[in-house]
Amino acid sequence: MNIHIHTFGCRLNQYESEKISYELKNMGANITELNNAEAIAINTCTVTNDSDKKLIAYLEKLEDLKNKKVFLIGCYVSKKDKDSSILKDNIILIPNDKKEEASEIIFNTMHNDSNKKMDNPIFFPQEQSRAYLKIQDGCDVFCTYCIVSRVRGHHRSVEPKKIYEAIKIANDFNYKEIVLTGLNLGSYNYNNEIKFSKIVQNILEHSSKYGIRIRLSSTEPIYFDDELINLFKNDDVLCPHAHIPLQSGSNKILTFMNRRYTREDYINIIEKLYKVNSNMSISSDVMAGFPHEDNNDFDDTYDVCEKSKFIKMHIFRYSNRENTPSSKMDGQVGYRAKLKRAKTLNDLNNKLKDSYYKNAEKRNLKIIIEKDLKDNNYIGTSAEYIKCKLYSETPLSKKELISTKALKYEKGIMICG
């Protein structure tokens, strides 16, 4: 069986698609380009209205493939108001609550068999040099602008024993960095006994045995207790980088968003992190033009971003997502205002990045090699999430962890050697 896998959306979706691909290959399938495929699996995204439009447009391009099975997987499938025009005889829907069984459903459908069972791996080798490990899924927070928590289902956590086994297997595949990920990572809470800061501490104890460093993916501010913050002291094991979504620096707007923290809470967390580790780097998600946001609210957001000294900001202009509470709010902000505010934030983003990188010059960095540029030049990522280019007379391999000196920040990248 030849199958093509196409992925829309976030890094978590990309991770899950790689897992489906790995499982299908182990079951005997071939993962191929679209023109050679007997079937197509599409891991969908529905985070914005544009995400839905991109999926529909892609499906329309497949009109000449009516005789091939098309498996739609994930978030778009799980939403209640799907476009009925896509529900055709050759399309099979696999919602999020069946995503863990997706490879089994695909394989057995193609072979008219219900007996082939999937060997669900604890860990699987991935294309990238830094391995991703999903330890949590689902979300019970329900921010007013977000549809994803409404289609991904309730919070659930992976059993600790399986996480520790995955770290051992990652070591067998020579990984030196594992990125912990989840839909709402910090909400990890296994059996109401092991919460997020505790599981991270336990993971660090296991990974340190193998010389594997751990990185946290996006973690909400409400989960940064003192126990978690203090773990960043040991930056040989826990990367001194945290992605902490801000969204807004205005308490008024945070309330409208149902974000469950204040600007003062956020600034306090940032100050504690920098105090624990002076090399700490922090990135964030920031939204411009949420309903009711006036110039004073935006100024508050700009102020928090400036004080936080982010290494990187992911800047979004608010757009109405159908069937979310924010889409029904009055006080919608005009397009021009959103555009102007996003540009102002982007200018600050560039300024803050330049400042962090320049301050890191002459520092010793520990880099995971990710790409071979030929001629003994390589691209990698430091523990602080600094993108680096380096020259080495000795050949280096992907996944390798090396220590080197930051020489000069140049054209958006750190030159090392």
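This is a predicted model: local features need pLDDT of at least 70, side-chain atom pairs count only at pLDDT 80 or more; totals for chains, interfaces and linings use all residues.
Residues are numbered from 1 along each chain as its sequence is written, and side-chain values use heavy atoms, with hydrogens and water left out.

Helices are DSSP runs of H or I with at least four residues, and strands are runs of E with at least two, numbered from the N terminus.

| Helix | Residues |
|---|---|
| α1 | 11–27 |
| α6 | 160–172 |
| α7 | 196–207 |

In α1, 12 of the 17 residues are buried (under 20% relative accessible area, 1.4 Å probe, protein chains only; exposed is over 50%, partly exposed in between). Among them are Leu12, Tyr15, Ile20, Leu24 and Met27.

The axes of α6 and α7, lines fitted to C-alpha atoms over the stretch in contact, come within 10 Å and cross at roughly 30°. The two helices are therefore roughly parallel (angles under 35 degrees). Pro160, Ile163, Tyr164 and Ile167 of α6 make the contact with Ile199, Asn202, Ile203, His206 and Ser207 of α7; contact means heavy atoms within 4.5 Å.

Tyr210 lies in the loop between α7 and β11 (213–216). At 27% relative accessibility, Tyr210 counts as partly exposed. Leaving aside neighbours within four places in sequence, Tyr210 is in contact with Ile167, Lys168, Asn171 and Lys176.

Conventions
Axes are lines fitted to C-alpha atoms, for helices over the stretch in contact, and angles run from 0 to 180 degrees between N-to-C directions. Angles under 35 degrees count as roughly parallel, over 145 as roughly antiparallel, 65 to 115 as roughly perpendicular and the rest as oblique. The expected span of a helix is 1.5 Å times one less than its number of residues.
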